Amino acid sequence: MLSSLHKDHLNITRLLDLLKQKLAAIRAEQPISYFLVRDVIDYLREVSDTYHHPKEDLIYDYYLKYRVVEGDVANRLHEEHLNLLEAGTELKEMVEMILMDAVIPLDQFTAKLERFVALQEAHMNYEEGVLFPHLRDSLTEDDWRHLEQVWQNRAIGDPLFGAEVSQHFQALAKRLSLPFSVN
Ligand SMILES: [Fe+2]
Ligand SMILES: [Fe+2]
């Protein structure tokens, strides 16, 4: 389970790198495709917010049930997931407005985009550096088996990095040079 989450992180990192390229391009006053920016945000909402984070929450909640963890630390994961969700919603709204030709000051957009990328990166660093090692040390084989079972029914195919790329993400898959079959 942790290795699948780690794999997701590597995929998310690729998408954040793409957003950083876009940021650099905007700052260099080069034209960029806002559709691709929107697709990245859509993907993060569709997969991170509705699948990846709940999976982490499930493991962590299970862990908390059997261990005593001080209040603030215990809430951190949920809070960060919530913050990411909100930041993504705000960013999505702004990109949609740009796509509808609304006048948005570009530095306002780049500031928001930069903050979003930084939040995502800090969050993954926390998980990879602190949380995952902790879970790896604390949970037993039986714990993982139990969690796998609970999660089983909720598993989905990844619409971008999975075997089949959904219609929605084909442009993004092309941009990332992912091998995919058109369906
Ligand atoms: Fe997370
Ligand atoms: Fe994560």
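In this predicted model, the site of the iron ion (ligand 1) is irregular, with angles of 81 to 167° among its 4 donor atoms. Four count as square planar, and six as octahedral, if opposite donors are over 155 degrees apart and all others between 65 and 115; anything else is irregular. The coordinating atoms come from E56 (OE), H81 (NE2), H123 (NE2) and E127 (OE), at 2.0 to 2.2 Å. Donors are N, O and S atoms within 2.8 Å of the metal (3.2 Å for Na, K and Ca); water is not among the atoms, so sites may look incomplete. Along the chain, the donor residues of the iron ion (ligand 1) follow the spacing E-x24-H-x41-H-x3-E. H81 belongs to helix α3 and H123 to helix α4, so the pair ties together parts 42 residues apart in sequence. Helices (H or I, at least four residues) are DSSP runs, numbered from the N terminus. H81 is buried, at a relative accessible area of 6%. H123 is buried too, at 1%. Buried means under 20% relative accessible area, exposed over 50%, and partly exposed in between (1.4 Å probe, protein chains only).

The iron ion (ligand 2) lies 3.1 Å from the iron ion (ligand 1), and E56 bridges them. Protein donors of the iron ion (ligand 2) are H9 (NE2), H52 (NE2), E56 (OE) and E127 (OE), lying 1.9 to 2.2 Å from it. The 4 donor atoms around the iron ion (ligand 2) subtend angles of 79 to 169°, which makes this arrangement irregular. The sequence spacing of these donors is H-x42-H-x3-E-x70-E. Distant parts of the chain are linked by H9 in helix α1 and H52 in helix α2, 43 residues apart. H9 has a relative accessible area of 3% and is buried. H52 is likewise buried, at 1%.

Helix α1 covers residues 2–27, 26 residues in total. From first C-alpha to last, α1 reaches 37 Å, close to the 38 Å expected at 1.5 Å a residue. The expected span is 1.5 Å times one less than the number of residues. Just after α1, E29 takes a positive phi of about 60°. In helix α4, A118 is partly exposed, at 42% relative accessibility.

The structure holds 2 cavities of 30 Å³ or more. On a 1 Å grid over the protein atoms alone, a cavity is a set of points where a 1.4 Å probe fits but cannot get out. A pocket is an open set with protein on both sides within 12 Å along at least five of seven lines, and lining residues have an atom within 4 Å of a point. Grid points are joined across faces, edges and corners, and a volume is the space filled by probe spheres set on the points.

The largest cavity has a volume of about 40 Å³. Its lining consists of I41, L44, R45, S48, D49, H53, L84, G88, F116 and Q120. Two or more of these residues come from each of α2 (34–66), α3 (71–99) and α4 (106–138). The largest share, 6 residues, is from α2. By class, the lining of the largest cavity has 4 nonpolar, 4 polar and 2 charged residues. Ala, Val, Leu, Ile, Met, Phe, Trp, Tyr, Cys and Pro count as nonpolar, Asp, Glu, Lys and Arg as charged, and the others, Gly among them, as polar.

The second largest cavity has a volume of about 30 Å³. D8, N11, I12, Y43, V47, S48 and D158 line this cavity. At least two lining residues come from each of α1 and α2.

The largest pocket has a volume of about 180 Å³. Its lining residues are S4, K7, D8, N11, V47, Y51, K55, I156, D158, F161 and G162. Helices α1 and α2 give two or more residues each. The largest share, 4 residues, comes from α1. The lining of the largest pocket divides into 4 nonpolar, 3 polar and 4 charged residues.

Residues are numbered from 1 along each chain as its sequence is written, while chains are lettered from A and ligands numbered from 1 in the order in which they are written. Local features need pLDDT of at least 70, side-chain atom pairs count only at pLDDT 80 or more, totals for chains, interfaces and linings use all residues, and side-chain values use heavy atoms, with hydrogens and water left out.

Terms used. Tetrahedral: all angles 85-135°; square planar, octahedral: opposite > 155°, others 65-115°.
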